[in-house]
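Trainee: I would like to learn how to read aromatic pairs in a model such as this one. Could you take me through them step by step?

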Amino acid sequence: MAVRVQQEDFEIGAEIARLTAGRTDIGAIVTFTGTVRGEANGRPLMVMSLEHYPGMTETELERIEVEAHGRWPLQASLVVHRVGDLVPGDNIVLVITASAHRHAAFEAAEFLMDYLKTRAPFWKKETGADGE
């Protein structure tokens, strides 16, 4: 299990390789990558600013990751969430779940993403071309 909140971008292939290195018990790897869209609420988006409370956010993400491991037989998982100013096309979030079988990996990934999208302690401000 691993959680990271960071400003830097991530490389999906490198993250999968690190998570699964030397593992022969993994038969399924599911990834989800969220990116910044070029529009928000029907208007062009220039910048999305994401903020969090350091320490509290990581603790919450670790808690939900432990819950996912309790619900599904996962061999490994990773949640990476970016903060700071992001522009359209930038990566925002990466969730990787690994299990012996695909069913658990898919369900756990969906569970983690649903939490990140609806309840994770991040605050988002979207700025359009008009500055609002």
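Mentor: Two aromatic pairs occur in this structure, where rings of Phe, Tyr and Trp (its six-membered ring) pair if their centres lie within 6.5 Å, and planes under 30 degrees apart count as stacked, over 60 as edge-to-face and the rest as tilted. This is a predicted model, in which local features need pLDDT of at least 70 and side-chain atom pairs count only at pLDDT 80 or more, while totals for chains, interfaces and linings use all residues. Residues are numbered from 1 along each chain as its sequence is written, and side-chain values use heavy atoms, with hydrogens and water left out.

Trainee: What geometry do Tyr53 and Trp123 show, and where do they lie?

Mentor: A pair of aromatic rings is described by the distance of the centres and the angle of the planes. Tyr53 and Trp123 are edge-to-face, at 5.0 Å centre to centre with 70° between the planes. Tyr53 sits in the loop between strand 4 (43-52) and helix 2 (56-71), and Trp123, 70 residues away, in strand 8 (residues 122-128); helices (H or I, at least four residues) and strands (E, at least two) are DSSP runs, numbered from the N terminus.

Trainee: Is Trp72, in the other pair, buried or exposed?

Mentor: Trp72 is buried at 14% relative accessibility, where buried means under 20% relative accessible area, exposed over 50% and partly exposed in between (1.4 Å probe, protein chains only). Its partner Phe111 is likewise buried, with a relative accessible area of 14%. Their rings are tilted, 5.4 Å centre to centre and 50° between the planes. By contrast, Tyr53 is exposed at 52%, and Trp123 is partly exposed at 41%.
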